[in-house]
Amino acid sequence: MSPDQPLALEPRAIVTDIEGTTGSIHFVHQVLFPYARRHLAAWLELNAAQPAVAEQLELARLEAGEPEASVARLGELLGGWIDQDRKSTPLKALQGMIWERGYLEGDFKGHVYMDAAERLRTWHGRGIGLYVYSSGSIHAQKLLFGHSEAGDLTGLFSGYFDTTTGPKREAESYRAIQRDIGAPGGEILFLSDVVEELDAAREAGLRTVQLVREPGMRVGDHPCVERFDQISFD
Ligand SMILES: CSCCC(=O)C(=O)COP(=O)(O)O
Ligand SMILES: [Mg+2]
């Protein structure tokens, strides 16, 4: 798709990825992940007994196949998973809880590209339902958009999806999102930088646009733009 070419028909809903789509990969990998890595062990020691944390630690033990793992051992495992960028649901839930303090204490703000913030506001104003689908937990998504460099954007979104709905590279996850939104796939547009996610969304019947914000990204056969302000509808 060339920047000036409108996409057919305004969609009823737009579902957007975060990392590489509304915000930079750099922010997630060079700010968020290192912050969680730095605070992980001490934070676990302090919070492991809290029911919401204990629940995620139990899921991490199951995922690791180490049902007896101590909190210290889980710290090692989860730290390794951060380094591997593993899209583990319990890791993502725990990361979100750790990031909360960083946002609240002003250590960082959620990175959102200005073109994304501006278009999200425009689309919301036109009555298009806006949704987020990220591997980051729903709590982490709300923190990022609630404490973003473009202000509090949470009022723009009608709903949030994370890996508790399913992995982002599986078509069934997009079928579940479609059912939840309650619109036909052809009236939902999915935005992402990752070809495998876009392929899965298209297999489920959603419309797709790939964001290619950085040189060297793998490009698929989806309509493709560099910025949100290159997306327009008839
Ligand atoms: C919700 S901000 C943190 C994003 C994150 O943890 C991540 O793994 C990025 O996943 P995405 O699906 O947004 O590419
Ligand atoms: Mg992404």
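**Domains, helix pairs and a ligand shell**

In this predicted model, the domain assignment of the protein chain gives domain 1 (13-23 + 110-230) and domain 2 (28-104).

Trainee: How many residues does the contact take from domain 1 and from domain 2?

Mentor: Let's begin with the centres of the two domains, which 25 Å separate when taken over C-alpha atoms. The side of domain 1 that touches domain 2 divides into three nonpolar, seven polar and two charged residues. As for the numbers you asked for, the contact takes 10 residues from domain 2, and from domain 1 it takes 12.

Trainee: Are α1 and α3 roughly parallel or roughly antiparallel?

Mentor: Good one to work out from the angle! The helices α1 and α3 (residues 71-83) pack at about 170 degrees, with their axes 9 Å apart. Angles over 145 degrees count as roughly antiparallel. That makes the pair α1 and α3 roughly antiparallel.

Trainee: Which residues of α3 make the contact with α1?

Mentor: Start with the classes: the contact of α1 with α3 has nine nonpolar, two polar and two charged residues. On the α1 side you will find F33, A36, R37, L40, A41, L44 and E45. Facing them from α3 are V71, L74, G75, L78, G79 and I82.

Trainee: What is the handedness of the crossing of α2 and α4?

Mentor: Find helix α2 (residues 51-64) and helix α4 (residues 89-104), whose axes lie 8 Å apart at an angle of about 150 degrees. In α2, the residues V53, Q56, L59, A60 and E63 meet T89, P90, L91, A93, L94 and M97 in α4. By class, this contact has eight nonpolar, two polar and one charged residues. The crossing of α2 and α4 is left-handed.

Trainee: Why are α4 and α6 roughly parallel to each other?

Mentor: Look at the angle again: the axes of α4 and α6 come within 8 Å and cross at roughly 25 degrees. Angles under 35 degrees count as roughly parallel. The crossing angle therefore makes α4 and α6 roughly parallel, and that angle is roughly 25 degrees.

Trainee: Which residues of α6 do the α4 residues meet?

Mentor: This crossing, of α4 and α6, is left-handed. The contact has four nonpolar, three polar and two charged residues by class. From α4 come K92, Q95, G96, W99, E100 and Y103, and in α6 they meet H139, A140 and L143.

Trainee: Which of the 13 residues around ligand 1 come nearest?

Mentor: Both domains take part here, since the shell draws at least three residues from each of domain 1 and domain 2. Sorted by class, the shell has five nonpolar, four polar and four charged residues. The ones that come nearest to ligand 1 are I18, E19, S134, S135 and G136.

Conventions. Residues are numbered from 1 along each chain as its sequence is written. Chains are lettered from A and ligands numbered from 1 in the order in which they are written. This is a predicted model: local features need pLDDT of at least 70, side-chain atom pairs count only at pLDDT 80 or more; totals for chains, interfaces and linings use all residues. Axes are lines fitted to C-alpha atoms, for helices over the stretch in contact, and angles run from 0 to 180 degrees between N-to-C directions. Helices (H or I, at least four residues) and strands (E, at least two) are DSSP runs, numbered from the N terminus. A crossing is left-handed if the near helix is turned anticlockwise from the far one by less than a right angle, and right-handed if clockwise. Two residues are in contact if their C-beta atoms, placed from the backbone, lie within 7 Å. Ala, Val, Leu, Ile, Met, Phe, Trp, Tyr, Cys and Pro count as nonpolar, Asp, Glu, Lys and Arg as charged, and the others, Gly among them, as polar. A residue is near a molecule or strand if its C-beta atom, placed from the backbone, lies within 6 Å of it. Domain bounds come from an automatic or database domain assignment. Angles under 35 degrees count as roughly parallel, over 145 as roughly antiparallel, 65 to 115 as roughly perpendicular and the rest as oblique.
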